[in-house]
Amino acid sequence: MNQLDRFDYAILDALQRDGTLSVAQLSEQIGLSSTPCWKRLRRLEEEGYIENRVAIINRYKVGLPVTVFVSVRTTQHDEKWFARFAAAVAALPEVQEFHRMSGDVDYLLKVVTIDIAGYDRFYKKLIKSVQLTGVSSAFSMEQIKITTSLPLGLVSHQ
């Protein structure tokens, strides 16, 4: 599956908790000297294990308190339609996640916005983009858990 060892997983785990760690801090945390730690970090970046390092912004403090899960159904499943739909969704900044689903729903979007009126504006842009069979929205009443950390402990590594 992959060629990662316990040090690689330790680097990934530490960085997903705090992407601002210096190589010196990282090497101290995982128990490797700086040069081997730096080489591993570079390899993990080059091989795509680390896709990006970002700051996680508090959406409530910046005025984006509303989360909506949008279920989309369509009868169109050809590549041309999907390319147009994917491009339209990618252009909507409110969309935080975009998934193709199994089951009754074809696509699921996670959307953040300022308020109900903001969602309505988003909805109107979405339904104008391509022909959709159905759109259903579920508003999150309370965010109970959110994390960007992957459960790396579930993966066996040597």
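The briefing below covers the basis of the model, the packing of helices, the domains and the aromatic pairs.

This is a predicted model, in which local features need pLDDT of at least 70, side-chain atom pairs count only at pLDDT 80 or more, and totals for chains, interfaces and linings use all residues. Residues are numbered from 1 along each chain as its sequence is written, and side-chain values use heavy atoms, with hydrogens and water left out.

**Helices H1 and H2**

- Two packed helices are described by the angle between their axes and the distance between the axes.
- Helix H1 spans residues 6–17 and helix H2 residues 23–30; their axes come within 10 Å and cross at roughly 125 degrees.
- H1 is therefore oblique to H2 (angles under 35 degrees count as roughly parallel, over 145 as roughly antiparallel, 65 to 115 as roughly perpendicular and the rest as oblique).
- In this contact (heavy atoms within 4.5 Å), Phe 7, Ala 10, Ile 11, Ala 14 and Leu 15 of H1 meet Leu 26, Gln 29 and Ile 30 of H2.
- By class, the contact of H1 with H2 has seven nonpolar residues, one polar residue and no charged residues (Ala, Val, Leu, Ile, Met, Phe, Trp, Tyr, Cys and Pro count as nonpolar, Asp, Glu, Lys and Arg as charged, and the others, Gly among them, as polar).

**Helix H3 and its partners**

- The axes of H2 and helix H3 (residues 34–46) come within 9 Å and cross at roughly 105 degrees, so H2 and H3 are roughly perpendicular to each other.
- Val 23, Ala 24, Leu 26, Ser 27 and Ile 30 in H2 are in contact with Ser 34, Cys 37, Trp 38 and Leu 41 in H3.
- The contact of H2 with H3 comprises seven nonpolar, two polar and no charged residues.
- The axes of H1 and H3 come within 10 Å and cross at roughly 75 degrees, which means that H1 is roughly perpendicular to H3.
- Phe 7, Asp 8, Ile 11, Leu 12 and Leu 15 of H1 make this contact with Cys 37, Arg 40, Leu 41, Arg 43 and Leu 44 of H3.
- The contact of H1 with H3 has seven nonpolar, no polar and three charged residues.

**Domains**

- The domain assignment, which is automatic or from a database, gives domain 1 (6–55) and domain 2 (59–140).
- The centres of domain 1 and domain 2, taken over C-alpha atoms, are separated by 34 Å.

**Aromatic pairs**

- A search of the whole structure finds nine aromatic pairs (rings of Phe, Tyr and Trp, the last by its six-membered ring, with centres within 6.5 Å; planes under 30 degrees apart count as stacked, over 60 as edge-to-face and the rest as tilted).
- The rings of Phe 82 and Tyr 107 have centres 6.0 Å apart and planes at 20 degrees, so this pair is stacked.
- The pair links distant parts of the chain, 25 residues apart: Phe 82 lies in helix H4 (residues 79–90) and Tyr 107 in strand S3 (residues 107–113).
- Helices (H or I, at least four residues) and strands (E, at least two) are DSSP runs, numbered from the N terminus.

Key
Axes are lines fitted to C-alpha atoms, for helices over the stretch in contact, and angles run from 0 to 180 degrees between N-to-C directions.
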